Amino acid sequence: MAFKPKQKEFTSSKGNKYVFQTIPNSKYLEIMDETTTAEGKPLLSKLYAAALEHIVVQPSGLTVDDFESFKELQEVCEAALTFQQSE
């Protein structure tokens with residue numbers, strides 16, 4: 001079967017709207033390989049940046065520094081990663 005991206009709208013607890021889009025499994029595995037230590041611990045600075053770049057499609061071009069609070073950054077990135085894993 002060919003990969004067909006799926007999208008989901010997400011509203012943060014602060015009321016900001018985002019759109020997530022799935023990426024191919026091969027790209028997700030590559031991201032996980034690049035953002036995890038040898039001990040299996042995530043490197044959040046890399047993982048969150050990758051989630052914003054590849055999974056969060058609207059607004060486009062977001063970086064970790066575009067968020068006013070770490071809490072919202074964490075909420076959005078964790079929701080994006082959960083969406084990718086659940087689809």
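1. F20 is buried, with a relative accessible area of 0%, and F83, at 4% relative accessibility, also counts as buried; the term stands for under 20% relative accessible area with a 1.4 Å probe, protein chains only. This is a predicted model, in which local features need pLDDT of at least 70 and side-chain atom pairs count only at pLDDT 80 or more, while totals for chains, interfaces and linings use all residues. Residues are numbered from 1 along each chain as its sequence is written, and side-chain values use heavy atoms, with hydrogens and water left out.

2. The structure holds four aromatic pairs, that is, rings of Phe, Tyr or Trp (its six-membered ring) with centres within 6.5 Å, called stacked under 30 degrees between planes, edge-to-face over 60 and tilted for the rest. One of them, Y18 with F67, is stacked, at 6.1 Å centre to centre and 20° between the planes. Y18 lies in strand β2 (residues 17-21) and F67 in the loop between β3 (56-58) and α3, so the pair ties together parts that are 49 residues apart in sequence. Both Y18 and F67 are buried.

3. The ring centres of F20 and F83 are 6.1 Å apart with planes at 40°, so this pair is tilted. Ring pairs also link F10, F20 and F83 into a cluster.

4. E72, placed in helix α3 (residues 70-86), is buried yet has no salt bridge, the nearest side chain of opposite charge, K14, being 5.0 Å away; a salt bridge needs a side-chain nitrogen of Lys or Arg within 4 Å of a carboxyl oxygen of Asp or Glu. The side chain of E72 does make a polar contact with the side chain of Y18 (3.0 Å), where such a contact is a pair of N or O atoms within 3.5 Å, one able to donate a hydrogen and the other to accept it within protein, and residues adjacent in sequence count only if both atoms are side-chain atoms.

Technical notes:
Helix = DSSP H or I, 4+ residues; strand = E, 2+ residues; numbered from the N terminus. Buried < 20%, exposed > 50% of the residue type's maximum accessible area, 1.4 Å probe, protein only. Lys, Arg positive; Asp, Glu negative; His and termini not counted.
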